[in-house]
Amino acid sequence: MRAQFVLSEIGVGLRRNLTMTFAVVVSVALSLALFGGSLLMSDQVSTMKGYWYDKVNVSIFLCNKSDAESDPNCAKGAVTTEQKKQIESDLDKMSVVEKVTPESADDAYKHYKEQFGDSPLASSLTPDQMQESFRIKLKDPEKYQVIATAFDGRDGVQSVQDQKGILDNLFGLLNLMNRAALALMALMLIVALLLIVNTVRVSAFSRRRETGIMRLVGASGFYIQAPFIMEAAVAGLIGGGVACLFLVVGRYFTIDHGMALSEKLNLINFVGWDAVLTKLPLILAASVLMPGLAAFFALRKYLKV
């Protein structure tokens, strides 16, 4: 009987404040969708780091005749055979180096033509204008500075470049976008909590006569509060369900179908469905607990029970 009474009161409360209930559902759905999206973005960045950092190389570019005329780092002339042998020997001795791949000027020219053969510049280049280099695979990509310190400024070396630095800029941008999404999520969450508190107070005010009678006949505080708390929890749960739907539909249409980013950007290892599905229970739990606790603390002061 008590359970039936609580359920009937929940239905009455939701119908009485339909507009505010709808606002609660929408704000909870948007804030939790942003929350879930931020968690997935963090997973995506971690996945991309693990994939790309394992593939980055450090490149030691050697001076050629053109550099000797224009680059201060090559003021002593083009790299000599002895200098190349010494650089390769020193690299082989370094414990941080996993693999060294020499690239000749002809190889560099061939790779450039494969990648940028349609550009106007490609037709004017010749192999002797390309730089020889050493492509270095490190055991730990974070140890780039060891290579830079050992070879930067050495005779015959034009520059030492770390591909990880380019990726760090990309990941920095992704992390910035993720923090912006979290900030927007926090703002939406505050709006949702304020709406929940106001909705509960309006609902309690509209039924103040019933709650007053219940107090007089000795009803417990929890028994009086339960319908209001459950109203907020149900509205939040609906919002959480909508947020889960947003994530599932968003993942389906942006990565698998529709935009099909997994096919268009096949160099990116996108997070799988397992990452999405593990976030859904967390979102649903938050959608129930957050409104329920907000309603509980609001009612303690408002109903004074």
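Which residues lie nearest the centre of the largest pocket? I looked this up in what is a predicted model, and found Gly37, Leu40, Met41, Gln44 and Ile255 in that position, among the 24 residues that line the largest pocket.

**Entry: confidence.** Confidence is lowest in helix 1 (residues 2–16), where the mean is 60, and highest in helix 4 (residues 81–93), where the mean is 89. I remind myself that where pLDDT is low, the predicted coordinates should not be read in detail.

**Entry: overall build.** I recorded eleven helices and four strands for the protein, and noted that 39% of its 305 residues count as buried. Taking contacts between residues at least 6 apart in sequence, I found that 82% of them join residues at least 24 apart. The protein exposes about 17,400 Å², and carbon and sulfur atoms supply 63% of that area.

**Entry: the largest pocket.** Returning to the pocket, I noted that about 590 Å³ of space lies in it. Helix 2 (18–52), helix 7 (163–206) and helix 9 (221–256) each supply at least two residues of its lining, and helix 2 gives the most, with eight residues. By kind, the lining residues divide into 17 nonpolar, six polar and one charged.

**Entry: Val100.** I next looked up Val100, which has its place in strand 2 (residues 97–103). Is Val100 buried or exposed? Val100 counts as buried because its relative accessibility is 18%, and the cut-off for buried is under 20%. Leaving aside neighbours within four places in sequence, I found Val100 in contact with Leu91, Asp92, Phe134 and Arg135. I also noted Lys137, which is 37 residues from Val100 in sequence, while the two C-alpha atoms are 6.4 Å apart in space.

**Entry: Asp162.** With a relative accessible area of 18%, Asp162 is buried. When neighbours within four places in sequence are left aside, the contacts of Asp162 are Asn57, Val58 and Tyr144. For Asp162 and Pro141, which are 21 residues apart in sequence, I noted a C-alpha to C-alpha distance of 9.1 Å.

Definitions and conventions:
Residues are numbered from 1 along each chain as its sequence is written. This is a predicted model: local features need pLDDT of at least 70, side-chain atom pairs count only at pLDDT 80 or more; totals for chains, interfaces and linings use all residues. Side-chain values use heavy atoms; hydrogens and water are left out. pLDDT is the predictor's confidence in each residue, from 0 to 100. Buried means under 20% relative accessible area, exposed over 50%, partly exposed in between (1.4 Å probe, protein chains only). Contact means heavy atoms within 4.5 Å. Accessible areas come from the Shrake-Rupley method with a 1.4 Å probe; for residues, only the protein chains shown count as cover. On a 1 Å grid over the protein atoms alone, a cavity is a set of points where a 1.4 Å probe fits but cannot get out, and a pocket is an open set with protein on both sides within 12 Å along at least five of seven lines; lining residues have an atom within 4 Å of a point. Grid points are joined across faces, edges and corners, and a volume is the space filled by probe spheres set on the points. Ala, Val, Leu, Ile, Met, Phe, Trp, Tyr, Cys and Pro count as nonpolar, Asp, Glu, Lys and Arg as charged, and the others, Gly among them, as polar.
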